[in-house]
Amino acid sequence: MLTIGLSHYLALSTMLFMIGLCGIVFNRRNVIVILLAIELILLAANINFVAFSSFGSLIEGQVMAMIVLTVAAAETSVGLAILVVAFRQRLSVDVSDLAALKG
Amino acid sequence: MMESVSLIRPELFLALAALAFLLMSAWFQKAEGIIYGCAGVMVIAALWIACADGAGVLLNGMIAVDDFRRFVKVIILLSGAAALLFAPSFFKQDDPVDGAYGVLALFASLGMLGMVSATHLLSFYVSFELQNLALYILVAMRRDNRASSEAGVKYFVLGALASGVMVFGLSWLYGFAGSGSYAMIASAADHAQGLGLGVGMIFVLAGLAFKVSLVPFHMWTPDVYDGAAAPVTGFLTAAPKIAAMAVLGFLLLVPFGGLWVFWQGPLAALALLSMFWGALAGLLQTHIKRLMAYSAILNMGTLLLAVLARDGQSLLLYLCVYVMAALGVMGGVSLIRIKGQELERIEDCAGLGRVHPVLAGAMALCLFSLAAVPPMAGFLGKFMVFFAAVKADFTGLAALGLLASVLAAAFYLRVVKVIYFEAPKQEAASFEAQGLPARAAAAAVVLLALASSFLMIYPGPLLTWTASAAESLL
C-alpha cells in the first residue's frame, strides 16, 4: 500500500509551480489568466510550507502559509486595480495590446 | 522588552506618519503639502536613525538593528525624500498630482526598511511585498496616460511572477533549514552543503535579481522606467535598488555564506551579463529614461563584483555614489519641459546648456559621476569596487568590468555633448523656474551634483562611516 510522504507533496508542488510558470510564459492572450497562473505559483509554495511544517512538526510553516495567502489576496487586488486602469484606455485586457513601450 | 522596541522608534514613527498622511490626503486637497510632508517625515526618520546607536534583535527574532542596516536605511530614506521633492513641480503641469504619491512612497520605504531589517524569512517576505505593491501603484499612477498604465501592468505581472518564484524558494529554504530564521539557515548551510537549500537559494536569488534588474531578469526595467512619470522613475532608480542590492549582498554573505559554491558561479555570470548588456544596449538608446534603465542594469552588475569580493565597504560606497548621481539626472529630467511636454528623447536636451546653465551644469556633473570621470565621486566608487575585486582574486572579472564601464562612459558623455554642443531646434528646452516647487527640485539637483563632486575631494567621513557599517556585516 502506498503511503503518501513528504516527497509526494514536493513533487505535487513542483508540478503546480511548473504549470504556473508555463501559464505565464506561453500565455499570449489574456492578462487575467496570468493572474491565475501567479496564484498557482503561490499555492505551490504554500503546499511546500504546510507539507514541511506537518512532516517536520514545525508550526512556523503554517503561519507562513496563512501570511502568503493574505499577501496573495492583496497582490491580486492591486493587480486587478492596475488592470482596470489599463482596460479603460484600451477596452481590452489582451497581452498584445500592451506593446507600445519597446526599444 | 520596552528597551528593545525603542530601537525601532524611527520605523514606528514612519508607519504612523504614513497612516496619518493617508487620512489627510483623503480630506485635504493640498496634494503638494502632503508630498512635502512625506519627504519631511523621511528626512526626520533618516536623521533619527543616523543619530541612534545600539544593536539588537527584536520582535521575537523577526527584525535586527545594527550598523550595516542603519546605514542602508539612512540612504534609502534620504534618496526617497529627494525623489519626492521632484514630484510637485512635475505633476503641476501635466495632470493634477495626488497626495497618494507621497503616501505610497512612504509605504514603499517602510517596506524597504523592513526588508533590510529582517532576520526571518517571514518578516522579509511581508516587507518585500509591502514595497512591491506600493511600487506597482506608483508606476501606474498617471491614470490618463497609456504608457504609464502599460508600464504598470508589465511591472505588476513580471514583479508578481518574480515574487512568486522567490516565495517558492523561501518554502524550500524553510523546509531544509527547519526554520525561517536567518541564523538557523546559516547554521544549516554551514553544516550540510544541502542541495535543497541550494535550490531554494537560487530561486530567492532569481527573485532579488529581478528586483535589482540584473540580466536576464531585466526585461521590465527599460519599459517601466520609460512609462512611469519621471519623478517615479527617479524613486525607482534609487530607493528600491539600494534596498534590494543591500539585501542581496547581506543574504549571500551572511545566511547563505556556507553555500557560496552554489552562488559564486551564477553571480559572476549575472554580473558579466548585466555589465555588458547594460553598456551595449545603453549605447543604442534614444530615450533618456531608457538610458537610465540600462545605466541601472550596468551599475547593479558592477555592484555584484563587490558582493563576490565580500567587500561590504565598497558595496555601500558605490550604492551611495550611484544613487546620488542617478537621482540628480532624473531630477533634471523631471524638471525639463519641451513645449510643455515632458522630456523623452535625448536629442531634445540640445541647447539646454545655454538656456539653463545651472541645471545643465548640475546634470552634466551627475553624468560625469556616472561615467566615473576621475574628479567625480563615481570614480571613487568604481575604483573601490574594482580594487576589492582584484584583491579577492577576481582580476579577470574586474578587467571585463572596467571595459564595460569604459563603453558605458560613451553613452553618458553623449548626453553631455547634446546638452552643451548641439544647436537647439526651434522648440528649445525650457523649465519653469517660477514657483517654489520647481526651485526646490532644482536646488535638490544642484545639491546632489555638488555632493557627487565633493565626495571625491573629501571622502573621509563617508569612507569611515561605510567601513564601520561594513564591519557589522561580516
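This report covers helix packing, selected residues and cysteines in a predicted model.

## Basis

In this predicted model, local features need pLDDT of at least 70, side-chain atom pairs count only at pLDDT 80 or more, and totals for chains, interfaces and linings use all residues. Residues are numbered from 1 along each chain as its sequence is written, chains are lettered from A and ligands numbered from 1 in written order, and side-chain values use heavy atoms, with hydrogens and water left out.

## Helix pair in chain A

Helix H2 (residues 31-55) and helix H3 (residues 60-90) of chain A pack at about 175°, with axes 9 Å apart. Helices are DSSP runs (H or I, at least four residues), numbered from the N terminus. Axes are lines fitted to C-alpha atoms, for helices over the stretch in contact; angles run from 0 to 180 degrees between N-to-C directions. H2(A) is therefore roughly antiparallel to H3(A) (angles over 145 degrees).

By class, this contact of H2(A) with H3(A) has 14 nonpolar, five polar and two charged residues. Nonpolar means Ala, Val, Leu, Ile, Met, Phe, Trp, Tyr, Cys and Pro; charged means Asp, Glu, Lys and Arg; the others, Gly among them, are polar. On the H2(A) side, the residues include Leu35(A), Glu39(A) and Phe49(A). H3(A) contributes, among them, Val68(A), Glu75(A) and Leu80(A). Contact means heavy atoms within 4.5 Å.

## Helix pair in chain B

H8(B) packs against helix H9 (residues 182-191) of chain B at about 70°, with axes 9 Å apart. That makes the two, H8(B) and H9(B), roughly perpendicular (65 to 115 degrees). Leu173(B), Phe176(B) and Ala177(B) of H8(B) meet Met184(B), Ile185(B) and Ala188(B) of H9(B). The residues of this contact of H8(B) with H9(B) are six nonpolar, no polar and no charged.

## Two buried residues

Ser148(B) sits in helix H8 (residues 146-177) of chain B. It counts as buried, at 1% relative accessibility (under 20% relative accessible area, 1.4 Å probe, protein chains only). Beyond neighbours within four places in sequence, Ser148(B) contacts Val139(B), Ala140(B), Met141(B), Arg142(B) and Gly227(B).

Ala105(B) belongs to helix H6 (residues 100-117) of chain B. Ala105(B) is buried too, with a relative accessible area of 0%. Leaving out residues up to four places away in sequence, Ala105(B) touches Met42(B), Leu84(B), Leu138(B) and Phe235(B). Val385(B) is 280 residues from Ala105(B) in sequence and 30 Å away in space, C-alpha to C-alpha.

## Cysteines

Cys38(B) is buried at 0% relative accessibility. Cys22(A), at 35%, is partly exposed (between under 20% for buried and over 50% for exposed).

Definitions and conventions:
Parallel < 35°, antiparallel > 145°, perpendicular 65-115°, else oblique.
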